[in-house]
Amino acid sequence: MSGLETLLRALPKVELHVHLEGSIRPEMAIRLAQRRGIVLPGMDRGVEGLREEFRFTSFQDFIRLYVVLSSAMVEAEDFAEVVEDVAQALARQGVRYAEMTFTPMSHIARGVAEATLFAGLAEGRVRALEGHDVQISWVFDIVRCFPDQAIPTLEMALRQRRAGNCVVALGLGGPEGPQWPACAPLREAFARAKAEALHRVPHAGEQTGSWSVREAVDCYHAQRIGHGFRSVEDPALLHELAENGISLELCPGSNVTLGMVPSLAKHPLPTIDAAGVRWSLASDDPPMFGTSLLDEYRNCATQWGWSAEKLLSVAEAAVEQSFLSEGAKQALLAEQREVFAREYLGILA
């Protein structure tokens, strides 16, 4: 194993853009579906049959499967098992902390009781920490095309934060485009989130142009932006992001798989980096896109010839851009530097 690979595996990492529902592995999905009497596409052919469905030709295809997989979670134990399973996968990659996106209203809307939902998330979070040394915080997501769910999502986020369930941010996902402009319920939800000191991390600039990143900044008070790579279309916007410290959660594997960029080589990550915009590397929906956070680091390092020092700086950036307490950030940064000294500088000595 090369020195860079050894370092990459050993570095304690942080994942800032990963969806719980999109992280359900085929094996877990089939187990849940069989338990609850739900039929998933391809499951009659077993795990490989379902895995074949994880091949998308459009964002719409992806969303359809995402919704079907989500429906396999019914009882509190289902949610707890999924959280623990995702934590186990993160732990194998050296991930120590994740800010995990979850869309509560999609489950409430199909009849899952709020108490059931959050009992499962809370139990899963305990299992993740105690069994796998992975700390999870939650980003509660609004689906852009269901603005009536914005205020209920915010109110759930605030209730769960008060209950100690570590909700750190309000997110916004779903389809992008001019047919989904900033509207009163979304504006109100994010304004109230800001007033309540709840962080704001909307998706923008993934499926459509830089104008949506501008909207996320101006209308939704974004502190971090999910994806946001289309901001490169507007140099003035890039400069503003850099000046104001608004960071991007870049998910190159997801962007390539969904056809948002033609190849990793064409991804604008280097342009964003050169512009001085803060960014972190993330996996989005790893089993659905055939990736992992470790893969994202490895693929980017190979594509752009990153040095060991660059790998360390990328890992550090995710810690710095997280919503961990300042003390927790400093402790994790110190651990990263210790690992770098031991696993990389030690190899070269």
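**View 1. Aromatic pairs in the predicted model.** The structure holds 11 aromatic pairs (Phe, Tyr and Trp rings, the six-membered one for Trp, with centres within 6.5 Å; planes under 30 degrees apart are stacked, over 60 edge-to-face, the rest tilted). F118 and F140 make a stacked pair, 5.5 Å centre to centre with 20 degrees between the planes. This pair links distant parts of the chain, 22 residues apart: F118 sits in helix α7 (residues 114-132) and F140 in strand β3 (residues 135-143). Helices (H or I, at least four residues) and strands (E, at least two) are DSSP runs numbered from the N terminus. F118 is buried at 6% relative accessibility, and F140 at 1%. Buried means under 20% relative accessible area, exposed over 50%, partly exposed in between (1.4 Å probe, protein chains only). Ring pairs join F79, F102, F118, W138 and F140 into a cluster.

**View 2. Surroundings of W138.** Leaving aside residues up to four places away in sequence, W138 touches residues including L20, V83, M100, F102 and C166 (contact: heavy atoms within 4.5 Å). C166 is partly exposed, with a relative accessible area of 23%.

**View 3. Cysteines without a disulfide.** The whole structure has zero disulfides (cysteine sulfur pairs within 2.5 Å). The C251 sulfur lies 10 Å from the closest cysteine sulfur, in C300, too far for a bond. C251 is buried at 1% relative accessibility.

**Notes.** Residues are numbered from 1 along each chain as its sequence is written. In this predicted model, local features need pLDDT of at least 70 and side-chain atom pairs count only at pLDDT 80 or more, while totals for chains, interfaces and linings use all residues; side-chain values use heavy atoms, leaving out hydrogens and water.
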